[in-house]
Amino acid sequence: MYLYPSVSLSLPAVCPGTENKLSTLSDLDQQYRTLKKHYENCEVVMGNLEITSIDRNRNLSFLKSIREVTGYVLVALNQFDSLPLENLRIVRGTKLYEGRYALAIFLNYRRDGFYGLRQLGLRNLTASDLITHSDKLLSKETSSEGKGGF
């Protein structure tokens, strides 16, 4: 009788995505707590990753664990300056934002221009084109990271 050695297979932590688009909760603190509860320790988002209406003083490091999104990624109406999605490798785009975009990034600054998204931490995400509507973003060529990604 042959016994197989014990093999431990580690499955990625999977969490459900959202379909709120630009809808937000009335309380921005609750909006942040909901985002954190939804995606903390998540590696694969089954659906859409929607990061909206988050103010500048929030710790978003819990997003670092995300490696894959099956739907779209929406980053809009935020005031933070950096997006820590450095481990995101693939956005499958099985569902598209507005029926057109797997990655949508727009209106991530305050009206007075003092705060806003300046750096995408998408170091491992590769794509042929990235079109954004944010004046404050560094381009891929001028990024201090100097690696691939956005």
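The model is a predicted one, in which local features need pLDDT of at least 70, side-chain atom pairs count only at pLDDT 80 or more, and totals for chains, interfaces and linings use all residues. Residues are numbered from 1 along each chain as its sequence is written, and side-chain values use heavy atoms, with hydrogens and water left out.

Leu-107 has a relative accessible area of 40%, so it counts as partly exposed; that class lies between buried (under 20%) and exposed (over 50%), with a 1.4 Å probe and protein chains only.

## Overall layout

The protein chain has one helix and nine strands, in the order β-α-β-β-β-β-β-β-β-β from the N terminus. Of its 150 residues, 38% count as buried.

## The nonpolar cores

In soluble globular proteins, nonpolar side chains tend to be buried together. A nonpolar core here is a set of buried Ala, Val, Leu, Ile, Met, Phe, Trp, Tyr and Cys residues joined through side-chain atoms within 4.5 Å. The largest one has 27 residues, of which Tyr-39, Ile-51, Leu-63, Ile-66, Leu-83 and Leu-85 touch the most other members. At least two residues of this core come from each of α1 (28–39), β3 (49–52), β5 (73–76) and β8 (103–106), and α1 gives the most, with three. Apart from this core lies another of six residues, including Tyr-72, Ala-76, Tyr-97 and Phe-106.

Which residues does Leu-83 contact, leaving aside its neighbours within four places in sequence? They are Ile-51, Leu-63, Val-75, Leu-117, Gln-119, Leu-120 and Gly-121.

Arg-67 is found in the loop between β3 and β4 (68–69). Its relative accessibility is 33%, which means that Arg-67 is partly exposed.

Not counting residues up to four places away in sequence, Arg-67 touches Pro-12, Glu-43, Asn-87, Leu-88, Arg-89 and Ile-90. Cys-42 is 25 residues from Arg-67 in sequence, and their C-alpha atoms are 8.4 Å apart.

Technical notes
Helix = DSSP H or I, 4+ residues; strand = E, 2+ residues; numbered from the N terminus. Contact = heavy atoms within 4.5 Å.
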